Amino acid sequence: MSSRDAILGRVRRALADVPREESPDDVAVARDYLRTHSPADAVETLAENLADYRALVHRTDTAGLPDLIGRLLAARGSRDVVVPDGFPAEWLPQADAVRWVQDTPEATPDELDRMDSVLTGCALAIAETGTLVLDGSAGQGRRRITLMPDHHICVVRVPEQVVDSVPEALPRLVPTRPLTWISGPSATSDIELDRVEGVHGPRTLEVVLVTR
Amino acid sequence: MSGTYLGMPAFPKAATLSTRNTRMRANLTHATHTIRDKRAAAVRELPDWAQLRAAGAAVKDRTLRHLDHYLEQLEAAVTAAGGTVHWAADAREANRIVTSLVRATGETEVVKVKSMATQEIGLNAALEAAGIRAYETDLAELIVQLGDDLPSHILVPAIHRNRDEIRDIFRERMADWGRPAPEGLTEEPAVLAEAARLHLREKFLRAKVGISGANFMVADTGTLVVVESEGNGRMCLTLPETLISVVGIEKIVPTWQDLEVFLQLLPRSSTAERMNPYTSTWTGTTDGDGPRTFHLVLLDNGRTDTLADTVGRQALRCIRCSACLNVCPVYERAGGHAYGSAYPGPIGAILTPQLRGVTSELDASLPYASSLCGACYEVCPVAIDIPEVLVHLRERVVQGGETTIRGVRTRIRPAKGHAAERAAMRAARWALDHPAAMRTGQRLAARTRRFHPKRLPGPGRAWTASREMPTVPAESFRDWWQRERGGKVTR
Amino acid sequence: MRVALFVTCVNDTLYPGTGRAVVSLLERLGVTVDFPLEQSCCGQAQFNTGYRHETEPLVHRFGRAFEGYDHIVTPSGSCAAMVRDNYPRMAAKAAAEGRGGTLTRVAESVVPRTYELTEFLVDVLGVTDVGAYYPHTVTYHPTCHGLRMLGLGDKPRRLLGAVEGLELIDLPGAEECCGFGGTFAVKNEAVSAAMGADKARNITATGASAVCTVDNSCQMHIGGTLARLGSSVRPVHIAEILASTKEAPL
């Protein structure tokens with residue numbers, strides 16, 4: 001007998017007390033928790049919660065976006081900047097000092113490791129938890145590009161990309177896409193259960209909340 | 001301390017030594033009290049916490065009561081998404097599967113995401129024996145691995161170490177495993193984190209095989225979820241060409257929507273955050289993004305035996321948040337190593353004796369490693385009534401009875417070493433069921449009270465070693481009542 | 001209203017003053033108290049150590065002893081919790097073993113009638129000021145089973161707060177277990193003693209002259225530890241404080 005059959009057989013014997021006619025839906029799950037904790041201003045709450053976990057939050061409109069991005073990159077002296085396919089070209093600043101690097105599946109981890117910054121959009125942002133969700137679609141790139149460079153600038157279109165809560169976020173996401181949920185820069189609590197920012201992921205996370 | 005829990009002494013013996021370790025005690029008190037207050041604050045932010053907790057328990061119960069259905073659904077979904085599913089009945093089989101999968105890649109190194117399941121099965125040692133080196137990449141796991149130590153906490157395996165000890169371990173041991181610690185390393189947590197970043201970066205960059213566990217597996221979509229903080233998880237899940245995930249069969253949630261409960265419960269209970277810095281979800285493989293090959297190893301290793309116990313089953317709801325460890329007064333003083341298992345603390349005290357059985361002296365002592373204060377149940381985000389299960393397992397130890405061992409219903413005998421206690425319990429029960437005898441005993445104690453020693457011999461010594469005996473009164477309440485109120489004598 | 005005192009085996013044998021205090025307090029409040037002599041022990045120590053079968057005769061005895069009373073009042077949080085939480089569990093397990101009947105009847109009969117003393121005062125009698133007088137500084141340790149199993153909340157503190165002359169001082173780390181835990185105190189002596197020592201340190205740090213609880217079993221451990229450490233803080237059961245008056249002070 002295969003281990004698969006052995007394990008499934010053990011499970012069924014272990015559940016001898018469960019009536020044969022019971023279906024999974026017969027096990028009641030009360031969904032009386034809140035769909036949202038109704039933040040008064042979702043964008044404001046998002047900004048506060050992002051900042052609470054040490055993300056740097058900026059606000060502008062689409063007209064001011066290229067200039068803001070240019071200043072953020074210049075402030076760090078970033079030269080090599082990864083930009084995924086589908087990131088709106090009109091959002092990019094005219095910056096002579098910056099070399100825009102397209103992400104391709106051939107790019108190795110080593111190459112990405114040498115990049116100074118990465119610039120992406122996101123699928124949505126969750127106000128109550130201060131979370132950005134990237135799903136690898138246009139303007140977001142492969143998961144690794146937002147991981148290897150030490151500086152990540154993420155553009156969130158507000159208010160349309162902002163949801164209140166986790167329960168509101170999940171139905172808007174496609175589970176078959178690989179998702180990365182980001183809530184502040186990389187951190188650890190492993191030394192004396194005290195939180196310090198900055199381990200393997202980008203140590204600086206800048207979030208630009210952009211209005212039309 | 002070497003890398004195995006095998007052959008460790010029973011809990012009281014280990015704890016007698018560890019409670020004297022003042023440095024470890026100070027480290028644990030500091031860390032657990034820090035996180036305790038933060039967790040309480042994070043939970044207070046959600047007015048619907050009680051409803052989320054009830055929903056979390058109910059979703060897990062739904063899963064467990066129909067686990068066969070969900071396992072088959074999960075297997076089909078993972079396979080359809082390009083993954084390969086393996087089934088491991090026990091630790092040995094899981095280790096054999098993973099070893100052969102790694103060998104098939106031709107690689108001799110793997111990078112690992114922190115995973116309780118692979119700690120439980122002792123995967124690193126099995127790989128080592130096959131000539132494969134496993135690098136732990138979670139900061140705390142790295143500290144444990146470099147220090148040739150054992151994990152002592154579910155979330156923070158090196159919680160028993162303070163920053164000075166960690167600095168010393170990094171200085172002395174990093175060079176043996178790869179890039180040495182930077183010159184002039186200090187005990188600043190940010191500096192230590194930076195040292196780990198540099199040490200591990202070269203390993204991530206060259207890794208071809210990643211090994212992980214998972215916090216959740218979604219049955220209807222075949223999606224796996226890893227919740228983490230540092231980014232080491234993202235490195236291991238996205239950079240290697242091959243990903244092998246070893247996951248306990250109870251980690252399933254039925255639907256994608258169900259994650260809305262657990263992604264609220266887990267971060268606040270665990271690291272006391274609204275959300276942990278990084279959560280990765282993946283479904284099979286994705287062209288051009290991440291591993292090209294994905295293997296899922298579904299692990300039983302005692303879980304179906306636990307499932308067969310209708311009271312003990314609730315332990316399988318556990319989402320490994322470690323809130324119960326952080327509030328446990330026994331854990332705080334004894335430390336995690338005393339539990340002799342990858343699962344320490346209150347949840348370990350009910351999980352280990354179910355996964356491994358109660359045949360060893362250590363495992364039989366674990367259900368007694370609690371004052372039944374109930375703080376663990378209060379904070380558990382999936383409402384596992386740990387005290388209830390502890391008492392249930394104590395019954396199994398002293399009374400024996402029906403249990404399931406490797407899938408077979410077995411009647412076990414009472415554990416050895418409880419004969420004197422059993423006799424005393426019987427005698428006490430007899431006396432308590434015969435008030436006249438009890439009264440005689442009370443009067444005898446009252447008459448001899450001037451001669452009671454301050455320190456008792458035998459089993460009583462365990463009381464008087466640290467506490468004074470109460471003074472026996474001249475007259476019991478019963479006698480006072482009868483004298484004063486003239487109650488009629490019964491029997 | 002027929003009220004029975006369930007004094008508990010620990011109080012009967014070692015702390016009769018607590019039982020006498022309950023009688024005098026309830027009588028002062030106009031309640032007639034009876035003490036059914038057939039009572040002995042709720043079986044908590046046996047049950048919590050794993051000897052469920054040895055506990056069953058004590059449950060039957062409990063049911064017989066308190067038959068016919070409207071309320072069963074006990075000056076012990078953990079004994080009340082044993083009856084209310086664990087008697088139904090024992091009945092369910094016995095039923096699963098094919099011996100359900102009488103245990104189920106006992107549990108159904110006694111559970112709704114059993115009260116810990118401070119619950120009885122606040123919830124049934126509806127009093128918080130019982131007219132007590134106790135001119136001392138007191139710190140209150142909420143014992144685990146009262147706090148977490150019975151959910152006593154602030155009832156004991158409200159009662160203490162209304163006592164004339166009593167100054168209530170907050171206990172740091174109040175909700176942490178004292179380390180007693182029944183047979184835990186001897187099975188895991190080292191950990192129990194470490195917990196007790198920390199509790200004793202917190203109690204001493206309040207500067208209070210007395211530490212008060214709703215459970216003499218925990219208090220036996222706390223008091224024994226305080227005494228061993230040479231502390232002069234006096235352990236006092238809440239019943240004894242509430243029974244104390246200007247005319248008959250404790």
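User: Which way do strand β10 and strand β11 of chain A run, and how many bridges join them?
Analyst: Strand β10 (residues 187-191) and strand β11 (residues 194-197) of chain A run antiparallel and are joined by three bridges. Two strands pair if DSSP finds at least two bridges between them. Strands (E, at least two residues) and helices (H or I, at least four) are DSSP runs, numbered from the N terminus. This is a predicted model, in which local features need pLDDT of at least 70 and side-chain atom pairs count only at pLDDT 80 or more, while totals for chains, interfaces and linings use all residues. Residues are numbered from 1 along each chain as its sequence is written, and chains are lettered from A and ligands numbered from 1 in the order in which they are written.

User: What is the bridge partner of A:T188?
Analyst: A:T188 has A:V196 in β11(A) as its bridge partner. The hairpin of β10(A) and β11(A) has two residues between the strands, and A:E192 takes a positive phi near 60 degrees there.

User: Which strand of chain B pairs with β9 of chain A?
Analyst: Strand β9 (residues 278-283) of chain B pairs with strand β9 (residues 179-182) of chain A in the antiparallel sense, over four bridges. In that pairing, B:Y278 of β9(B) stands opposite A:I182.

User: Which chains share the most contacts?
Analyst: Two pairs of chains are in contact, and chains A and B share the most contacts. Two residues are in contact if their C-beta atoms, placed from the backbone, lie within 7 Å. Between these chains, 64 residues of chain A are in contact with 83 residues of chain B. The side of chain B that touches chain A has 42 nonpolar, 27 polar and 14 charged residues. Here Ala, Val, Leu, Ile, Met, Phe, Trp, Tyr, Cys and Pro count as nonpolar, Asp, Glu, Lys and Arg as charged, and the others, Gly among them, as polar.

User: And how far apart are the closest C-alpha atoms of chain A and chain C?
Analyst: They lie 11 Å apart, and no contact joins chain A and chain C.

User: How many residues of chain C are in contact with chain B?
Analyst: There are 52 residues of chain C in contact with 50 residues of chain B. On the side of chain C that touches chain B, α11(C) gives the most, with seven residues. That side of chain C divides into 25 nonpolar, 16 polar and eleven charged residues.

User: Changing topic, where are the domains of chain C?
Analyst: Domain 1 covers 3-124 and domain 2 covers 137-243 of chain C, with bounds from an automatic or database domain assignment. Their C-alpha centres lie 22 Å apart. The contact between them takes 26 residues from domain 1 and 22 residues from domain 2 of chain C. On the side of domain 1 that touches domain 2, the largest share, six residues, comes from α2(C).

User: What about helix α9 of chain B: where is its kink centred?
Analyst: The kink in α9(B) is about 35 degrees and is centred on B:R171; the bend at a residue is the angle between axes fitted to the seven residues ending there and the seven starting there. B:G178 follows α9(B) and has a positive phi, near 150 degrees.

User: Which residues of α9(B) are buried, and what covers them?
Analyst: B:I166, B:R167, B:I169, B:F170 and B:M174 are the buried residues of α9(B). A residue is buried if 20 or more other C-beta atoms, placed from the backbone, lie within 10 Å of its own. The cover includes β10 of chain A together with α8 (139-146) and α10 (189-206) of chain B.

Note on methods:
Buried ≥ 20, exposed ≤ 12 C-beta atoms within 10 Å, placed from the backbone.
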